Each structure stands twice: as C-alpha cells, then as structure tokens.
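Here are my notes for you, in numbered points you can follow with the structure open beside you. I begin at the ligand and then move on to a few spots in the chain that deserve a look.

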Amino acid sequence: MLKGLIFDLDGVLTDSARYHLSAWNNLAQELGITLTDDQLDALRGISRMDSLNMILKFGGQENKYTEAEKEKFAAEKNEKFVEQVETMTPKDILPGIPELLKDAKAQKLKMVIASASKNAPKILTRLGIMDEFDGIVDPATLSKGKPDPEIYIKAQELAELKADEVISFEDAKAGVEAIKAAGQFAVGIGNKDLLSEADYIVPTTADLKLSKIEEVFNSK
Ligand code: B16
Ligand code: MG
C-alpha cells in the first residue's frame with residue numbers, strides 16, 4: 001500500500017538545473033573547457049565534487065589540480081549558483097507540482113526529499129514549500145552519490161517506510177537507477193529513452209497525476 005512519496009528536487013520540484021548548468025559552464029570556460037550539450041546533460045543529479053571531476057575529465061584535465069584547488073573551483077561555482085537561488089520565488093515551482101503535493105497531503109502520504117544538493121533547504125525555503133516535507137536527506141551524510149541507492153534508502157528510512165510503500169520521482173538517469181537499485185517504484189520525468197528503467201514515465205511535471213500513477217503502482 002502506498003504510504004509515501006520521495007522527491008528529487010532539481011528537475012522535479014523546480015528547474016534549478018539551468019542555474020547549475022550555467023554556473024558549471026562558466027567555470028569550465030574559465031578552465032579552458034568547452035562542454036557539449038550531452039556532457040552538460042550528464043551532470044544532472046550528480047553531486048558537486050563528482051560533477052567537477054567529470055568536467056575536468058571531459059577536458060582531459062583530471063590530474064591537473066590539487067584537491068585544494070578543486071575545492072576552490074567548486075566553491076566558486078556554488079557562489080554563482082546561490083546568487084541565482086536567491087532570485088527564486090514560489091513561481092519557480094514546476095507546473096503540476098502544487099496539485100501533486102496537495103493530492104498527497106489529502107491522502108496523508110509522507111513526503112521526503114532525496115536531493116544531492118546541499119542547497120536543498122535554501123531552495124525549498126525560497127519556493128515556500130519547506131514545511132510540506134517530513135524530512136530531507138542530508139547529502140553530507142552520504143558515502144556515495146546517485147546512481148548508488150543510498151540516498152533513496154535513507155529517504156525511505158526517514159519516512160519510516162518500506163521500499164514497496166513508496167513512489168520516488170526523478171528527472172535524471174542516475175537518479176532513476178538509484179531508485180530502482182533501492183527496490184522502489186520509479187517515476188521518471190523527461191526523455192523516455194534516457195529514463196527507460198523507470199516504472200512510469202511522463203514528459204514533463206505538468207503530466208503528473210497522482211491517481212494515475214497510483215493505478216500503475218497498485219497494478220505492479
Ligand atoms: P549542490 P538533485 C543535484 O540536485 C543537481 O541536479 C546537480 O546538478 C548538482 O550538482 C547536485 O544537486 C549538487 O548540488 O552543488 O547544490 O550541492 O537533482 O539531486 O536535486
Ligand atoms: Mg534532479
């Protein structure tokens with residue numbers, strides 16, 4: 001029986017991806033690296049340091065910098081990202097999400113955030129929906145990022161639920177893989193070829209309807 005929903009943040013509740021991607025693009029350019037659209041896409045859902053390491057690898061610079069230099073680059077990127085977060089308002093909640101949260105509340109479902117972003121509390125506060133959630137997994141406590149299932153297992157534990165009692169929402173391939181590895185029902189939002197492992201796929205958040213998703217969940 002369905003008892004809870006677990007949400008990725010970036011790309012699911014709000015489109016902070018464009019801010020992440022432009023901040024990474026700026027940094028890459030400073031380092032003399034030009035990123036392709038596919039390379040930028042591959043950064044979705046990936047933690048800050050893992051993203052930086054991927055970018056350096058794309059540019060053939062994986063052994064060029066010390067850990068301290070990399071920390072500095074990551075902090076610089078985060079500063080640019082946070083500047084953009086400060087401009088966010090409740091209008092930046094993606095279409096379909098307010099209705100989904102309302103329907104979940106009406107059914108008294110538990111709701112937990114499983115985001116790789118250390119800025120999740122800040123973003124949720126800017127969006128005005130911080131109080132809607134029963135918990136946020138602290139990404140600083142994770143030993144591995146998505147596609148490892150750790151973050152989704154921790155989210156399920158925070159909700160005090162079992163894997164077959166939750167539905168989890170993701171926009172990233174690495175995220176859907178993490179959900180499936182945790183043994184949970186995955187809703188993928190975006191490209192159906194990229195997210196083919198998901199149990200239910202919609203092109204955009206506007207297409208999310210809790211009753212329809214539950215029908216598929218109950219039939220599995
Ligand atoms: P931060 P999600 C992820 O959020 C983003 O998709 C990814 O681009 C970002 O690098 C990561 O959070 C870490 O974010 O630098 O703010 O800690 O999709 O897991 O909600
Ligand atoms: Mg995401």
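This is a predicted model: local features need pLDDT of at least 70, side-chain atom pairs count only at pLDDT 80 or more; totals for chains, interfaces and linings use all residues.

1. Which residues come nearest to ligand 1? Of the 19 residues around the ligand, these are Asp10, Ile46, Arg48, Ser117 and Asn119.

2. Three of these names are worth a click for their polar side-chain atoms. In Asp10, such an atom lies 2.6 Å from an oxygen atom of ligand 1. For Ser117, an N or O atom of the side chain is 2.6 Å from a ligand oxygen. Asn119 likewise has a side-chain N or O atom 2.6 Å from an oxygen atom of ligand 1. As for how covered the ligand is, taken alone it exposes 470 Å², and the protein buries 99% of that.

3. Where does ligand 1 sit? You will find it in the largest pocket. The elements giving two or more residues to the shell around the ligand are α3 (48-58) and α4 (67-85).

4. Now to the charged pairs. The count of salt bridges comes to 16. One to look up is the pair Asp8 and Lys146, whose side chains meet with an N to O distance of 2.9 Å.

5. A cis peptide bond joins Lys146 and Pro147, with omega at about 15 degrees. Pro147 is found in the loop between β3 and α7.

6. To find Lys108, go to the loop between α5 (97-106) and β2 (110-113).

How values were computed. Residues are numbered from 1 along each chain as its sequence is written. Chains are lettered from A and ligands numbered from 1 in the order in which they are written. Side-chain values use heavy atoms; hydrogens and water are left out. A residue is near a molecule or strand if one of its heavy atoms lies within 4 Å of it. A polar contact is a pair of N or O atoms within 3.5 Å; within protein, one must be able to donate a hydrogen and the other to accept it, and residues adjacent in sequence count only if both atoms are side-chain atoms. Accessible areas come from the Shrake-Rupley method with a 1.4 Å probe; for residues, only the protein chains shown count as cover. On a 1 Å grid over the protein atoms alone, a cavity is a set of points where a 1.4 Å probe fits but cannot get out, and a pocket is an open set with protein on both sides within 12 Å along at least five of seven lines; lining residues have an atom within 4 Å of a point. A molecule sits in a cavity or pocket if more than half of its atoms lie within 2 Å of its grid points. Helices (H or I, at least four residues) and strands (E, at least two) are DSSP runs, numbered from the N terminus. A salt bridge is a side-chain nitrogen of Lys or Arg within 4 Å of a carboxyl oxygen of Asp or Glu.
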